[in-house]
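Please look over the structure shown below before reading on. The paragraphs that follow go through its salt bridges, its helix packing and its nonpolar cores.

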Amino acid sequence: MSSLPAVAAPAPARDYSRAHYALFILTQINLVNYLDRYIVASALPSIQNDLGINNTQAGLLSTVFIVVFMLASPLGGYLGDRIPRKYLVAGGVLLWSLATGASGLAGTFVTLLLARAVIGIGEAGYGAVAPSIISDLYPRELRTRMLAFFYIAIPVGAAAGYGLGGFLTSTYSWHAAFFAGGVPGLLLGTLACFMPEPQRGAMDGPDAQTKLPFRVGLKGLAGNKAFWATTAGYTLMTFSIGGLGQWMPTYMVRVRGMAEGQAGLLFGGVTAVAGLLGTVAGGWLGDKMDRRREGGGLLLSGVGLLLASPFMYLALHLESEVATFAVIGVAQFLIFLNSGPINAAIVNCVQPSFRAFAMGLNVLCIHMLGDAISPTLIGAIADASTLTRAIEVNAVPVLFGGMALLMGAKLYHEAVPRPR
């Protein structure tokens with residue numbers, strides 16, 4: 001008498017409750033991260049009046065932050081591959097939050113500049129390691145969506161920084177704006193200590209390398225064509241976003257005749273809505289595309305940038321202000337599609353034991369060759385020609401960025417075999 005064949009029991013569903021807790025904390029930290037960055041932009045006129053600083057000195061407050069942040073990021077990534085990452089996150093958040101609060105105590109330009117530099121150090125300890133933590137909490141088929149959720153904090157936090165900074169500065173003082181900005185990070189930094197610390201490569205299958213000598217990892221990264229193609233596209237995109245964010249409100253005031261407050265408010269609102277919708281859509285579509293083909297998320301990102309470029313150019317040639325902002329919103333939606341897929345591609349194409357350093361190096365590249373220089377270069381083009389022509393030229397890096405990401409999608413399958 002033959003026995004019936006055994007039926008395999010279904011695999012138990014994974015419990016992601018602890019992972020969701022960590023993702024929630026990391027996302028809130030990222031929101032506060034961008035809130036603290038942009039408070040200074042809203043408070044800048046009052047800071048200039050109180051401290052008696054000129055426009056060049058005011059610009060240095062942002063430049064010093066970006067320079068310190070990008071230079072410290074590879075070091076933060078190096079440490080993130082070697083020590084418990086949740087404590088590096090917690091320490092970084094507490095440091096930059098204290099520095100944000102200390103900004104409100106600054107009585108001179110030099111002390112305020114020093115506080116902004118310390119904020120850059122604190123954020124470098126967090127920005128490079130957070131995506132690597134998320135990649136070890138979720139399997140590859142969920143990573144793009146989860147990273148997109150994490151990066152939703154960028155447009156929301158930036159808008160909150162503009163709004164909170166402007167409200168508290170006009171109602172109380174710029175000192176109060178910095179004090180308020182520093183408080184949430186102190187709480188979140190404490191909560192970060194209780195996040196789970198996932199094993200490196202926990203979701204990457206049995207072939208994942210969880211320990212790698214630094215020189216070996218560096219050599220492997222140097223030859224990782226998918227990583228560098230993705231970083232090149234990301235850098236060109238960041239260059240353009242930085243220039244657009246700096247000069248588009250000024251263009252609407254000087255060329256289109258809008259009121260200064262109205263231009264900034266409308267552009268900020270469009271950026272927040274387009275950024276939120278684009279990031280969510282990119283996370284969902286990126287995961288779907290990755291399931292269909294290797295590098296599908298990068299393919300989506302490349303197509304998004306290729307489509308965004310003509311919209312950026314078109315926006316400058318529409319007579320209606322409503323139509324201009326609508327088309328700019330479409331361009332930003334297409335650009336923000338990339339937030340989840342690009343960062344998922346970076347963490348997926350690098351060995352788990354080297355992901356934090358790779359993210360830190362990526363941060364260095366996208367800022368050093370991106371938004372750290374684009375506002376100045378676009379301003380120089382405007383001085384040599386017109387502001388309209390300068391912003392038209394700013395659409396070109398987006399076009400080349402899309403091409404670089406399409407190339408990265410082709411190279412991706414060589415660096416990222418399917419997990420067994």
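Is Glu197 buried, partly exposed or exposed? Glu197 has a relative accessible area of 29% and is partly exposed, where buried means under 20% relative accessible area, exposed over 50%, and partly exposed in between, computed with a 1.4 Å probe on protein chains only. This is a predicted model, in which local features need pLDDT of at least 70 and side-chain atom pairs count only at pLDDT 80 or more, while totals for chains, interfaces and linings use all residues. Residues are numbered from 1 along each chain as its sequence is written, and side-chain values use heavy atoms, with hydrogens and water left out.

A salt bridge here is a side-chain nitrogen of Lys or Arg within 4 Å of a carboxyl oxygen of Asp or Glu. Side chains of opposite charge can pair when their charged atoms come close. The whole structure holds seven salt bridges. In one of them, the side chains of Arg85 and Glu197 meet at 3.1 Å, N to O. Arg85 lies in helix H3 and Glu197 in the loop between helix H8 (174-192) and helix H9 (214-222), so this pair ties together parts that are 112 residues apart in sequence. Helices are DSSP runs (H or I, at least four residues), numbered from the N terminus.

Arg85 also forms a salt bridge with Asp136, at 2.9 Å, N to O. Arg85 is buried at a relative accessible area of 1%, and Asp136 is buried at 3%. Arg85, Asp136 and Glu197 are linked with Arg355 in a network of salt bridges.

Another salt bridge joins Arg389 and Glu392, at 3.1 Å, N to O. These two residues are three apart in helix H17 (residues 387-393), so about one helical turn separates them. Arg389 is partly exposed at 45% relative accessibility, whereas Glu392 is buried at 13%.

Next comes the packing of helices. The axes of helix H1 (residues 17-51) and helix H4 (residues 109-127) come within 12 Å and cross at roughly 165°. Axes are lines fitted to C-alpha atoms, for helices over the stretch in contact, and angles run from 0 to 180 degrees between N-to-C directions. H1 and H4 are therefore roughly antiparallel, a term for angles over 145 degrees, while those under 35 count as roughly parallel. Residues of H1 including Leu26, Ile29 and Arg37 meet residues of H4, among them Phe109, Arg116 and Tyr126, where contact means heavy atoms within 4.5 Å.

Helix H10 and helix H12 (residues 296-315) pack at about 30°, with their axes 12 Å apart, and are therefore roughly parallel. Thr230, Gly233, Met237, Ser240 and Leu244 of H10 make this contact with Leu298, Leu305 and Met312 of H12.

The last topic is the nonpolar cores. A nonpolar core is a set of buried Ala, Val, Leu, Ile, Met, Phe, Trp, Tyr and Cys residues joined through side-chain atoms within 4.5 Å. The largest has 90 residues, of which Leu26, Ile29, Val89, Tyr138 and Met248 touch the most other members. Helix H10 (residues 225-254) gives the largest share of this core, 10 residues. A second, separate core has 17 residues, including Ile53, Ala106, Leu168 and Trp174. Leaving aside residues up to four places away in sequence, Ile29 touches Val89, Val93, Trp96, Tyr126, Leu188 and Ala192.

Note on methods
Angles under 35 degrees count as roughly parallel, over 145 as roughly antiparallel, 65 to 115 as roughly perpendicular and the rest as oblique.
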